[in-house]
Amino acid sequence: MEQKDLLYEGKAKKMYHTSDEQVIWVEYLDQATALNGLMKDQVNGKGELNNQITSKVFHYLSEQGIANHFIQQIGKDEQLVKKLNILPLEVVVRNSAAGSFSKRLAIPEGQKLPTPIVEFYFKDDQLDDPFINDEHVLFLQIADEAEITELKTQARKINHLLIQLFEKIDLQLIDFKLEFGKTATGEIVLGDEISPDTCRLWDLKTNEHMDKDVYRRKIGEIVPVYQEVLTRLTQVGL
């Protein structure tokens, strides 16, 4: 597989065309951002940690029958994925109150929700990725009613599987963000990444933050925390 010209550069990754038009070469960057780019720092080692964690999690989800874009890890900070037409939608699943959910509804952080809540956010940096509902998704022509149902169904199934995975390594999955895309045949599959950048993870025994909140809230260092998550995943055979 040969890397070709740059396709896209985001806050955390660069994506390149390859010699196969249906395969994308992803490079994870040593860059931390938060608050829609208001916080931005170089963090050496972060890219390879997120790449390795994501690779392990996607491999696990593939084994559980979740259709996704992951092909293989090809280096410490690089992987190959299937080309998708990414939907401009963040699908957030919440198991406990935290972050913007707590602020918006005045619910204490850490309060367990009776059932998981699935939320949609419109991916647009200029609008600060606003919260939207199903009717907005329809109006913006991002997905039709059947596709909205499919997104929610997949998100809840992935949530169930991730809860099981993270509990094995003594982590509580508070909430997380997913992104989906369509294949050339129109199938909706999971894309992007699943890492401490996109998941809110708390240690089951201490409630210590094991995710990007250590950077966002300036309560710790990213690399040791992400390394601990990777180590725990490796210890359970992933």
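Modeller: Between them, domain 1 and domain 2 bury about 2,100 Å², and 60% of that area is on carbon and sulfur atoms. The size of an interface is often given in this way, as the accessible area lost when the parts come together. The model is predicted, and every value here is computed from it.

As for the bounds, the domain assignment places domain 1 at 3-82 and domain 2 at 85-220. The contact draws 26 residues from domain 1 and 24 residues from domain 2. The C-alpha centres of domain 1 and domain 2 are 18 Å apart.

Next, the polar side of the interface. The rule gives 14 residue pairs in polar contact across the interface of domain 1 and domain 2, with both residues at pLDDT 80 or more. On the domain 1 side that touches domain 2, β4 (31-34), β5 (39-42) and α1 (46-63) each contribute at least two residues. Of the elements on that side, α1 gives the most, with 8 residues. Sorted by class, the side of domain 1 that touches domain 2 holds 13 nonpolar, 8 polar and 5 charged residues.

Charged pairs come next. Side chains of opposite charge can pair when their charged atoms come close. Across the interface of domain 1 and domain 2 there are 4 salt bridges by the rule. In the model, Lys-13 is also in a salt bridge with Asp-192, and the closest N and O atoms of this pair are 3.2 Å apart.

For the whole protein, the salt bridge count comes to 21. One of the salt bridges joins Glu-179 and Lys-123, with the closest N and O atoms 3.4 Å apart. This pair links distant parts of the chain, 56 residues apart: Glu-179 sits in the loop between β12 (171-178) and β13 (180-182), while Lys-123 sits in the loop between β10 (112-122) and β11 (131-132).

Taken along the principal axes, the C-alpha atoms fill a box of roughly 50 × 40 × 35 Å. The radius of gyration of the protein is 17 Å, which agrees with the value near 18 Å that a compact globule would have with 238 residues.

Notes
Residues numbered from 1 in each chain as written. Predicted model: local features only at pLDDT ≥ 70, side-chain atom pairs only at ≥ 80, totals over all residues. Heavy atoms only, no water. Domains from an automatic or database assignment. Contact = heavy atoms within 4.5 Å. Buried area = accessible area lost by both parts, 1.4 Å probe. Salt bridge = Lys/Arg side-chain N within 4 Å of Asp/Glu carboxyl O. Polar contact = N/O pair within 3.5 Å; in protein donor to acceptor, adjacent residues only side chain to side chain. Helix = DSSP H or I, 4+ residues; strand = E, 2+ residues; numbered from the N terminus. Nonpolar A, V, L, I, M, F, W, Y, C, P; charged D, E, K, R; others polar. Rg over C-alpha atoms; globule rule 2.2 N^0.38 Å.
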